[in-house]
Amino acid sequence: MVSRGATALGRATAQIMIGAEDAMDAASQAAEPQGPLPAAGEPVASATSADGAVDPAAAVGPAGEQVVEPSAEASVQSSVEDEQPAEQLDRPLPEGVRRRVVGLAADALGGLPPADLPPSLRPYAKFTPARRAKYAGTALAAALEAEPVFRLRIADRLRLGQPDLVKALEAGQVPGAAEPLDVAAAAYLLRSRGWTRLVAEAGEQVERAGAEDAAAEAARLVEKLQEELTATRTAARADLDRQRAEAEGTRKELETLRKKLRGLESDTRRAQAETRKVQAELTSAAAAAAVERGAAESENRRLKHRVAELETALEAGRRSAREGRSVEDMRLRLLLDTVLQSAQGLQRELALPVTQLHPADLVDAVVPGSASPHDVARRGLAEDDPALLDQLLAIPQVHLVVDGYNVTKTGYPTLPLEQQRLRLLGGLAMLAQRTQAEVTCVFDGQDLDVPVIMAPPRGVRVRFSRTGQTADELIRQLVRAEPQGRPVVVVSADREVADGVRKAGARPVASVLLLNRLARS
């Protein structure tokens, strides 16, 4: 562990020294002259801000008067003629000056007519200045160097935007407060006397500033690396001491673990012996379970075979019952046909005359013995008169349907539901015995928590509605189940129930009528 700490310290020291050498190399490279112009497509940032964009239409002179731009063609032509073949750069344009020249050309390009642009720059005429400088930087630099007319047009735009700087350069003076890059870029475009010297001086000044910055940065980096080296050495020594302490603790812990391991090995051997014993017991238990499972499966197959035999016998019994009913139906039909044919033959032999109808027979009236609940007189008896119910129940084959809870909650609502049912069913049983009418009592069963255990009274059919069904729906269903023409009387104070059963052909009566009739008996 001590050797690992020393190795880490040596590695950190080597990295710090390599970083210091790289910083010094970077500083020396920054002091060397810049290389040639960037290749085509290299993004170039414009040094001209958005606020410094040249607007030829709004240019003014030093005294505030409107400067009228002369004819571009005449001005450029005269400038080309006046320009003397003179100075040439002995090395590529410095990178800082190049970027500033490209930025000025990109700003001024949008104000030139398309016809005055070189063919290589016309696709970029509608770009913004920033996009022109980025995508057309190489093309702009090449056009400025190879097209004197285009360069002078850009110089004219510069003359409108920065008239003081241009006048000073044309007079052979350099403004003291002007930035060297702006001066070199303007001199490159104007090609005034001594422009190569200004461009070279600006490039050298920029290179010197870059070299000084690189040297300062290298010095700061070396100082920082030295501080990091000192901190690394201190941390390495502290880490070495900590690792030594940890190694001592680890040695003691290892000794303790060895003792525990010997104890665990002994426990493991005992556990393995116990495991072998349990496995033997499990094997014997599994064998016994397999025997029991085989016996259970055999019994299950026997029971399934027995169930299949019983199902076959049941199906055969059902089939025999269906065939027996079919035979009985056929015999009844044959007997009925025989009776009908015999009656027809007897009518022919006796020459019985056909019954003749009279006009009085066609008048709509109630024939004795065939009255319905709707034919019972209503004017002579009140709706709550028990005699009205007696008349209705005297109709042959009448069916009395009672809305149970509607009657009990009208007559004795204070009693518990069970007592209400028992009291009503007792009265209905006596009424059915006296009138011999069919009586059905319906109770609402959708709120019952448990089944109702009760013995229906003799002569009274008791029904509870199913879950999700009300007693009213069950009453209407019972009425619709009766054949057309059978007299049905429904006892309920619910108007909706009364209207529904009336449409189905039944006679509704009020609950108080039944209560009065039961009270009288």
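Which elements do the buried residues of α11 pack against? They pack against β1 (399-403), α12 (417-435), β2 (438-443), β3 (460-464), β4 (488-491) and α15 (511-520), where contact means heavy atoms within 4.5 Å. The structure is a predicted model, in which local features need pLDDT of at least 70 and side-chain atom pairs count only at pLDDT 80 or more, while totals for chains, interfaces and linings use all residues. Residues are numbered from 1 along each chain as its sequence is written, and side-chain values use heavy atoms, with hydrogens and water left out.

Of the 521 residues, 29% count as buried; buried means under 20% relative accessible area, exposed over 50%, and partly exposed in between (1.4 Å probe, protein chains only). Among contacts between residues at least 6 apart in sequence, 66% join residues at least 24 apart.

The 5 strands form an open sheet in the order β3-β2-β1-β4-β5, with parallel pairing. Two strands count as paired if DSSP finds at least two bridges between them. At the edges stand β3 and β5 (507-509), each with a single partner strand, so one side of each is left without a neighbour in the sheet. On average, neighbouring strands of this sheet are turned by 20° against each other, direction ignored. In general, strands of a sheet pair through backbone hydrogen bonds, either parallel or antiparallel.

The individual pairings can be followed across the sheet. Between β2 and β3, the parallel pairing extends over 5 bridges, and Val-442 stands opposite Arg-463 in β3. The parallel strands β1 and β4 are joined by 4 bridges, with Val-402 opposite Val-491 in β4. A further 3 bridges join β4 to β5, which also run parallel, and here Val-490 stands opposite Pro-508 in β5. Both faces of β4 are covered: Val-488 and Val-490 on one side, and Val-489 and Val-491 on the other, are all buried.

Helix α12 lies across β1, β2 and β3, running at about 170° to β2. Angles of this kind run from 0 to 180 degrees between N-to-C directions, with axes being lines fitted to C-alpha atoms, for helices over the stretch in contact. Helix α11 (residues 404-411) has Gly-404, Tyr-405, Val-407 and Thr-408 buried. Seen down the axis of α11, the buried residues fall within an arc of 160°, so they line one face of the helix; the arc is that of the directions from the helix axis to the C-beta atoms. As a general point, an α-helix has 3.6 residues a turn, so residues three or four places apart point the same way.

A search of the whole structure finds 3 aromatic pairs. Rings of Phe, Tyr and Trp (its six-membered ring) pair if their centres lie within 6.5 Å; planes under 30 degrees apart count as stacked, over 60 as edge-to-face and the rest as tilted. Ring pairs link Tyr-405, Phe-443 and Phe-464 into a cluster. The charged end of Lys-409 sits over the ring of Tyr-405, 5.6 Å from its centre; this requires NZ of Lys or CZ of Arg to be within 6 Å of the ring centre and within 35 degrees of the ring normal.

Elsewhere, Tyr-124 and Phe-127 form an edge-to-face pair, 5.5 Å centre to centre with 90° between the planes. Tyr-124 is partly exposed at a relative accessible area of 22%, and Phe-127 is partly exposed at 24%. The charged end of Arg-131 sits over the ring of Phe-127, 4.4 Å from its centre. Tyr-124 belongs to the loop between α3 (95-109) and α4 (129-135). Not counting residues up to four places away in sequence, Tyr-124 touches Leu-109, Arg-132, Tyr-135 and Ala-136.

Two loop residues complete the description. Gln-397, in the loop between α10 (386-393) and β1, has a positive phi near 60° and counts as exposed at 63% relative accessibility. Gln-436, in the loop between α12 and β2, has a positive phi of about 60° although it is not a glycine, and is exposed with a relative accessible area of 66%. For context, most residues other than glycine have a negative phi.
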